[in-house]
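Subject: Handing over a structure

Hi there,

Here is the structure I promised to pass on to you. Please have a look at it first, and then read on for what turned up in it.

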Amino acid sequence: MAETLLVYQKSVVAPDGTRYEARACGAPLTPSTWEGWIEFVPISGGEPVRSRRETTQPNRTDTEYWATGLTQVYLEGSLRRALETPPAVVVAPPQPSMFAGPAPRPAAMEAAAESVLDPFSVYEKGEALLRRQLSALAAWHLVNIITAYELSDEPVVALNRRVAPELIEIIVASVRAGRDAVSRRR
């Protein structure tokens, strides 16, 4: 149930000169949340106005505390907002979509494989380091490394079915074989 939390001692003057008594009000919004707003009652009589929600707080006590911190300038701004005529919103009638859904994705389209590390560069610092770094990666990263460096002829779909330890072995074996081949050529 809504209640007045605080009545401000100083009146608030509207742009047209009308004086209002300002009242901070609040009410439960949900079982664990309160909302607060400001009500303005014309001192010389007339229709009161209220602001939209000015705050959301976890409970009544915090909403009351919020109300104690409002300045005269804040109250004047809140009154101006409360007195403003809301802008007219023109809602266009819904138009039917030309299609039932988005365009289909081409079957041959695959995401470009990007490698998060260069296995050859890391291998130069030691196989153990390469294994440690690879074991910290998700399987899809390992598949991207294999694809980006062409370390296997196995299709991406088949690689995606493999577990991380198998993918690490493919990478290490391919990098080792490539380095050994380079060493033999020298």
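A word on terms before the tour: helices (H or I, at least four residues) and strands (E, at least two) are DSSP runs, numbered from the N terminus. This is a predicted model, in which local features need pLDDT of at least 70 and side-chain atom pairs count only at pLDDT 80 or more, while totals for chains, interfaces and linings use all residues. Residues are numbered from 1 along each chain as its sequence is written, and side-chain values use heavy atoms, with hydrogens and water left out.

**The chain as a whole**

The chain has 7 helices and 6 strands. Reading from the N terminus, the order is β-β-β-β-β-β-α-α-α-α-α-α-α. The chain is more spread out than a compact globule, because its radius of gyration is 34 Å, well over the 16 Å that the globule rule gives for 186 residues. That radius is taken over C-alpha atoms, and the rule is 2.2 Å times the number of residues to the power 0.38. The C-alpha trace spans about 100 × 45 × 30 Å along its principal axes.

Of the 186 residues, 28% are buried. Here buried means under 20% relative accessible area, exposed means over 50%, and partly exposed is in between (1.4 Å probe, protein chains only). Among the contacts (heavy atoms within 4.5 Å) with a separation of 6 or more, 48% join residues 24 or more positions apart.

**Two cores**

A nonpolar core is a set of buried Ala, Val, Leu, Ile, Met, Phe, Trp, Tyr and Cys residues joined through side-chain atoms within 4.5 Å. The largest one has 17 residues, and Leu130, Leu134, Ile146 and Ile171 have the most contacts inside it. Two or more residues each come from α3 (119-123), α4 (127-135), α5 (139-148) and α7 (164-185). Which helix gives the largest share of this core? That is α7, with 6 residues. Ile171 is in contact with Pro119, Leu134, Leu142, Ile145, Ile146 and Leu151, leaving aside its neighbours within four places in sequence. There is also a second, separate core of 14 residues, and Tyr8, Tyr20, Phe40 and Ala67 are among them. As background, nonpolar side chains tend to be buried together in soluble globular proteins.

Val12 is found in strand β2 (residues 12-13). With a relative accessibility of 0%, Val12 counts as buried. Leaving aside neighbours within four places in sequence, its contacts are Thr18, Arg19, Tyr20, Ala22, Phe40, Gln72, Leu75, Glu76 and Leu79. One of these, Leu75, is 63 residues from Val12 in sequence, yet the two are 6.9 Å apart in space, C-alpha to C-alpha.

Gln133 lies in helix α4 and is partly exposed, at 31% relative accessibility. Not counting residues up to four places away in sequence, Gln133 touches Leu117 and Val122. Gln133 and Pro28 are 105 residues apart in sequence and 53 Å apart in space, C-alpha to C-alpha.

For context, most residues other than glycine have a negative phi.

Happy browsing, and do write back with any questions.

Best wishes
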